[in-house]
Amino acid sequence: IERRERGPMRATLERYLSRDVVREIAENPDSYLQSLGGQRKEMVVLFSDLKGFTSASERLDPAEMVTLLNEYFGEMVEVVFAYSGTLDKFIGDAIMATWGGLRPANREEDAVNALLAALKMKERLAAINERRATLGITPWGSGIGISYGPAIFGNIGSHQRMDMTVIGDTVNLASRIEG
């Protein structure tokens, strides 16, 4: 009964937190993810940002823009998960994803998966833009930056609200490369 009741709760939590984070918290209650702080890890960080989003958003109805953005995010998050990545966060129209934070790092596999995800994200955006063109909607471009190196992975925030994330020069470099 308890397992049946936890299923819907877990599914709801996975809509607000990355499913990998929910799984780690549920399966490892003594994990460092239960408290503030983090661990130094070798990780891959990917940033993907839409180009021309701000100007496009000024020309569209906000509800329509949210619909288009959610379509884009749905496709991109599916790609990140398909290539064993963890969704870190949405930042406006940008996505931040990581490899190697929750699972034991396999450097080569994580790097290859991040690169394959980036290529698939570009492919998916092209398909989205084809559909948008049939509706007369201006296509989006995107920038993607990937960096591999040491970072601090864990919880940042307060005891009332924590964010599982990654910080450090590797994150900053991926963001600059994306730009």
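**Note on strand β3 and its surroundings**

1. L46 has A97 in β3 as its bridge partner. This is a predicted model: local features need pLDDT of at least 70, side-chain atom pairs count only at pLDDT 80 or more, and totals for chains, interfaces and linings use all residues. Residues are numbered from 1 along each chain as its sequence is written, and side-chain values use heavy atoms, with hydrogens and water left out.

2. Start with the overall layout. The chain holds six helices and five strands. Helices (H or I, at least four residues) and strands (E, at least two) are DSSP runs, numbered from the N terminus. Read from that end, the order is α-α-β-α-α-β-β-α-β-β-α.

3. Next, β3 itself. The strand spans residues 94-99, and six of its six residues are buried. Buried means under 20% relative accessible area, exposed over 50%, and partly exposed in between (1.4 Å probe, protein chains only). A94, M96 and T98 point one way from β3. I95, A97 and W99 point the other way. For the whole chain, buried residues make up 40% of the 179 residues.

4. Which strands pair with β3? Two strands pair if DSSP finds at least two bridges between them.

5. I91 has A94 in β3 as its bridge partner. L87 stands opposite A97 in β3. A97 is also the bridge partner of L46.

6. Look at contacts along the chain. Contact means heavy atoms within 4.5 Å. Among contacts with a separation of 6 or more, 67% are between residues 24 or more positions apart.

7. Finally, the surface. The chain exposes about 10,200 Å², and carbon and sulfur atoms supply 54% of it. Accessible areas come from the Shrake-Rupley method with a 1.4 Å probe; for residues, only the protein chains shown count as cover. V112, L116 and L119 make a nonpolar surface patch of about 260 Å². Like charges are joined within 9 Å, nonpolar side chains (Val, Leu, Ile, Met, Phe, Trp, Tyr) within 5 Å. L119 lies in helix α5 (residues 107-134). Why does L119 count as exposed? Because its relative accessibility is 60%.

Technical notes:
Patch = residues over 30% accessible without salt bridge, like charges linked within 9 Å, V, L, I, M, F, W, Y side chains within 5 Å. Salt bridge = Lys/Arg side-chain N within 4 Å of Asp/Glu carboxyl O.
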